Amino acid sequence: MLIYSIKMQLSELFRKKTVVFTFFILLFFVLANFYQNMFHNLYQDEEVKYISQMYDPIKLLTLSDWSTIGYFMMEYYPLLVVLPTACAYLTDKNTKMKTYIVSRTGCKNYWYGKVISVFLITFFIFTVPFLMELLLECICFDMQSAGEPSNIDFIQTIERENLYFLYQIGVPHKIIYAALLTVLFGIVSGILAVFNFAVSTLPFFKYKVFTFFPVYILFYLLSVLEKGLGLGYTLNYYFILRMFNVPAMKYNFSAYFIFLIILLFISLIFIKIKTIRDDLI
């Protein structure tokens, strides 16, 4: 019955305008970045003598720290990550879709099916466009290009690359590295969407507009926490979620992983409480 609930809710979510709109917004960012990269390479052809000296196309992906389009996209990330599913619960409640699904699958399967559906739909939206971009880059650009977008010399480039997250994969296998980081980006986005959905089920979320704020407030509280506690590493999602992060920033990926697990655990507690209350009613 859980599988049936997931199928029903995925089908319903895929037809939502906000899901389609968010997907095409991200696709627009990807295509704009790809067009800009083509422009860079066309201009750079006149300045360099060897293909290997041209900018590494993997380092110019939208999720890369070097991408100006990606920088602009991340400005809207707190909104984009919740836009597809922020109103999912209130919509189901107002349209009686919740009653319809519960009558066929039960309360428990409805709630856990919704959580899984929210995660899967968000993971899809925040992974597929960027994997498509990676494929386009591999087809259209020479992967032998290894130039650093910062135009620093070779020795400094090697020193810099040894400070990247998962550099053991990134240096010898840059395409695999980009694909892996893109999947991680999708997973983190999915967890944030699940958290936003779980919080939006609380009684005081009576209006749809309020359901867009939990993740933004979460990011704001993290920035306040970073400054207040004087942590030795960044909590800014801007730097954590992008590839080829500036090595000057300090990272604690173990802490980030634990935080995501806690966030997911809190979300499941909220859903468990809703399941128990619905069963009692």
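On H8, the face turned away from the buried side carries Leu135 and Ile139, both exposed (exposed means over 50% relative accessible area, buried under 20%, partly exposed in between, with a 1.4 Å probe and protein chains only). Bear in mind that this is a predicted model, where local features need pLDDT of at least 70, side-chain atom pairs count only at pLDDT 80 or more, and totals for chains, interfaces and linings use all residues. Residues are numbered from 1 along each chain as its sequence is written, and side-chain values use heavy atoms, leaving out hydrogens and water.

Helix H8 covers residues 128-140 and reaches 18 Å from its first C-alpha to its last, close to the 18 Å expected at 1.5 Å a residue (that is, 1.5 Å times one less than the number of residues). Its buried residues are Pro129, Phe130, Glu133, Leu134 and Glu137. They sit on the same side of H8 because they cover an arc of only 145° around the axis, judged by the directions from the helix axis to the C-beta atoms.

Zooming out, the protein has 14 helices and zero strands; these are DSSP runs, with helices (H or I) of at least four residues and strands (E) of at least two, numbered from the N terminus. Of its 281 residues, 46% are buried.

Now the cysteines. The count of disulfides is zero, a disulfide being a pair of cysteine sulfur atoms within 2.5 Å.

| Residue | Relative accessibility |
|---|---|
| Cys87 | 13% |
| Cys107 | 16% |
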